[in-house]
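Please keep the sequence and the 3D structure in view while reading.

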Amino acid sequence: MSLRIGGMGWITPLGSGVDAVWQRLLRGEEACAEKIGDKFGDRSYSAFRVPGSALTGLPHHPRLRRASAISRFAAAAGLEALAEAGVKLDPPYGQRVALIFAISNGGVIYTKRFYRDIVESGAQSASPLFFPETVFNAPASHLAAILGITGATYTLVGDGAVGILAIKMAEDLMANDAIDRCLVVGAEEVDWLLCDAYRKWRLLRLESPMEPFNNAARGTILSEGAGAVLLARDGAIKVESIYAGGPYRGRGEAAKVLKRVLSELTEGDTSFIIASANGTFVDQAEYQAVSEVMRDAIVYTPKPALGESAGAGALWQIIVASQALRDGKLPPLLHAPSKIPLHTSTPAMPAASTLRAIVLSCGLNQQIAGLRLGKGG
């Protein structure tokens, strides 16, 4: 089955809009990390936040009045993807569009508010009105109602690889002729509670910048936002292959699974790889796999510029790969070591129909997946 990208939406710490964010990345810009503190702990953390200006175009919808940040990010990205594709979801057509919401950490801000009420005043004072916003499928419910999607709606929970697994699920759904398009949205919100958890897992860096492919795994910096990809049967970018990969039982096994994923996806002269390197053990696992399987590939990761946004991360990588295929160029790789045996200088690439990109996603909770994109023909 031919699966294409019909539209995309992007809400990031560098602002909103696929073209606007892409141009900032090409200029070598990166988001500014800000400090997050909390009275429950004496530490402060650095995080990349979405600026308020990125959500100014959101419609006035009753669902958004009490919705958490993750739902607002998802709605803004989904609306942009539909608008780029020229799709208007009137009631009859809304039945022919499926929605898959990819999520990793959930609505952490509402979870913390619920927890704070219990700690400060006891369980009797915690309002049950907050509870629906703490469950994983709450954003999908808001998003379907706001966009007018009345067809199949799913929530897929995972780690940083969940976005690619959602694309695979969309491929299976669109084998049904009753579905014309499938909107895949991944979103994340960041808060002190989430940062503190990642610190305890020894994955967090306290200060920016994030340094990809460094010999020492110094940690990642969390970020928030959303990415949306509208899958259709026509479009300029083709999803050529999706490989769900598999789990890895320990960090030492990650490179082996990544090599298997790359081997499955490699076809002809793949032009470049959009990696998920984020300053953690992931970097060396990806470096080892690429060095052994695709030594001459150009490698780029957007995470030093945008941060590690687990639920949205793989969708962001897909958007970057699609834009690079369209423009024939990649942004500069920020904060990487000056001398590493990978082609990270990101030279301009010929705007040819044979360009291919591999998106490689190694999640922090033992899941690896990848896909290959090509220019439509």
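Two residues are in contact, or touch, when they have heavy atoms within 4.5 Å of each other. With neighbours up to four places away in sequence left out, Leu-231 touches Leu-3, Arg-4, Ile-5, Ile-167, Ala-170, Met-174, Asp-180, Arg-181, Cys-182, Val-184 and Val-239.

## Basis of the model

This is a predicted model, in which local features need pLDDT of at least 70 and side-chain atom pairs count only at pLDDT 80 or more, while totals for chains, interfaces and linings use all residues. Residues are numbered from 1 along each chain as its sequence is written, and side-chain values use heavy atoms, with hydrogens and water left out.

## Overall make-up

The protein has eleven helices and 13 strands. Both are DSSP runs numbered from the N terminus: helices are H or I with at least four residues, and strands are E with at least two. Among contacts between residues at least 6 apart in sequence, 80% join residues at least 24 apart.

Of the 377 residues in the protein, 56% are buried. Buried means under 20% relative accessible area, exposed means over 50%, and partly exposed lies in between, with a 1.4 Å probe and protein chains only.

## Nonpolar cores

In soluble globular proteins, nonpolar side chains tend to be buried together. A nonpolar core is here a set of buried Ala, Val, Leu, Ile, Met, Phe, Trp, Tyr and Cys residues joined through side-chain atoms within 4.5 Å. The largest such core has 94 residues, and Trp-10, Leu-25 and Leu-231 have the most contacts inside it. Helix α11 (residues 310-327) gives the most to this core, with eleven residues. There is also a second, separate core of 35 residues, which includes Leu-58, Ala-67, Ala-74 and Val-185.

## The largest pocket

A 1 Å grid over the protein atoms alone is used to find pockets: a pocket is an open set of points with protein on both sides within 12 Å along at least five of seven lines, and lining residues have an atom within 4 Å of a point. Grid points are joined across faces, edges and corners, and a volume is the space filled by probe spheres set on the points. The largest pocket has a volume of about 260 Å³. It is lined by 16 residues, of which Asp-159, Tyr-198, Trp-201, Leu-364 and Asn-365 are the closest to its centre.

The lining has six nonpolar, seven polar and three charged residues. In this count Ala, Val, Leu, Ile, Met, Phe, Trp, Tyr, Cys and Pro are nonpolar, Asp, Glu, Lys and Arg are charged, and the others, Gly among them, are polar.

Most residues other than glycine have a negative phi, and most peptide bonds are trans.

The loop between α7 and β8 (225-232) holds Pro-209. The peptide bond from Ser-208 to Pro-209 is cis, with omega near 10°. Phe-213 is found in that loop too, and its phi is positive, near 60°. Phe-213 counts as buried because its relative accessible area is 4%.

Helix α5 (residues 138-147) contains His-142, which counts as buried because its relative accessibility is 10%. His-142 and Ala-74 are 68 residues apart in sequence, and their C-alpha atoms are 9.1 Å apart. Beyond its neighbours within four places in sequence, Ala-145 is in contact with His-61 and Arg-63.

Gly-17 sits in the loop between β2 (15-16) and α1 (18-26) and is buried, with a relative accessible area of 18%. Gly-17 touches Trp-10 and Glu-80, again not counting residues up to four places away.

## Cysteines

How many disulfides does the model have? A disulfide is a pair of cysteine sulfur atoms within 2.5 Å, and by this rule the count is zero. Cys-32 is exposed, with a relative accessible area of 68%, whereas Cys-362 is buried, at 3%.

Conventions. 1 Å grid on protein atoms, 1.4 Å probe; cavity = no way out; pocket = protein on both sides within 12 Å on 5 of 7 lines; lining within 4 Å.
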